[in-house]
Amino acid sequence: MSKIWLIMLLSSLVTALFNDPSMAISAMLTGATDSVALAMELVAVYGVWLGFFALLDKTGVADIIARLLRPLIKFLFKGSSEEAQKYVSMNMSANLIGLGNAATPMGISSIRLLGDEQPSANTNVIMMVVISATSLQILPTTVISMRAAHGSANAADFLLPCIVATVASTVIGITLVKILSKIFPDSKRKL
């Protein structure tokens, strides 16, 4: 895959250099500047929220959140360990407040625990991937903060459509995983 990206990057760069060299250089410099600015904005946002989640974990609040979400998590992730449930709950909490990238480390940890280090995905791993990908968001803080940083007059005016879209995609994803896990149970799936 990296070779494909390299070929695409090089071919577009060569084409731009032959068509309009000054535009190509200008676009590269502008892109580099914009990417550094975006990275600095995201570092600030994620630094705060990752620190917040670290505090939740150290103070035991993560365990309380896991206990509150335990009935839902036990329904969605049959047979999972308490440690896996804790990481799933932290992933879900981060996604609920719109911190998809901050949820990623907890999602990876939960997938390792749910998958029992097996080379293929079981129903719990698939469910975790679906829940992380659909990213149910009640308060999309990352998008709101980026819109505010770029001068949006009303940075949260998209909130209702966002909630409706993420609830719908999450419900549809969970429903499909549950239906397909009945048709193709883990015991019949080849490793």
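Student: Which residues make the nonpolar surface patch?
Tutor: Ile172, Leu176, Ile179, Leu180, Ile183 and Phe184 make it, and it covers about 590 Å². Patch residues have over 30% relative accessible area and no salt bridge; like charges are joined within 9 Å, nonpolar side chains (Val, Leu, Ile, Met, Phe, Trp, Tyr) within 5 Å. Areas come from the Shrake-Rupley method with a 1.4 Å probe, and for residues only the protein chains shown count as cover. A salt bridge is a side-chain nitrogen of Lys or Arg within 4 Å of a carboxyl oxygen of Asp or Glu.

Student: Where does Leu176 lie?
Tutor: In helix α8, residues 159-183. Helices (H or I, at least four residues) and strands (E, at least two) are DSSP runs, numbered from the N terminus.

Student: Why does Leu176 count as partly exposed?
Tutor: Because its relative accessibility is 46%. Buried means under 20% relative accessible area, exposed over 50%, partly exposed in between (1.4 Å probe, protein chains only).

Student: What about Ala165?
Tutor: Ala165 is also placed in helix α8. Ala165 is partly exposed, at 44%. From Phe53 it is 112 residues away in sequence and 26 Å away in space, C-alpha to C-alpha.

Student: Confidence next. What is the mean pLDDT of the chain?
Tutor: This is a predicted model; local features need pLDDT of at least 70, side-chain atom pairs count only at pLDDT 80 or more, and totals for chains, interfaces and linings use all residues. The chain mean is 84, with 96% of residues at 70 or more. pLDDT is the predictor's confidence in each residue, from 0 to 100. Among the elements, α8 has the highest mean (93) and helix α7 (residues 141-149) the lowest (80).

Student: Which residue has a positive phi although it is not a glycine?
Tutor: Ser135, at about 50 degrees. Most residues other than glycine have a negative phi. Ser135 is in the loop between α6 (123-134) and α7.

Student: Is Ser135 buried or exposed?
Tutor: Buried, because its relative accessibility is 10%. Residues are numbered from 1 along each chain as its sequence is written, by the way.

Student: And Gly100?
Tutor: Gly100 lies in helix α5, residues 100-115. Gly100 is partly exposed, at 28%. Gly100 and Ser132 are 32 residues apart in sequence but 7.8 Å apart in space, C-alpha to C-alpha.

Student: Last one. What sits over the ring of Phe75?
Tutor: The charged end of Lys178, 4.6 Å from the ring centre. The cut-offs are NZ of Lys or CZ of Arg within 6 Å of the ring centre and within 35 degrees of the ring normal.

Conventions:
Heavy atoms only, no water.
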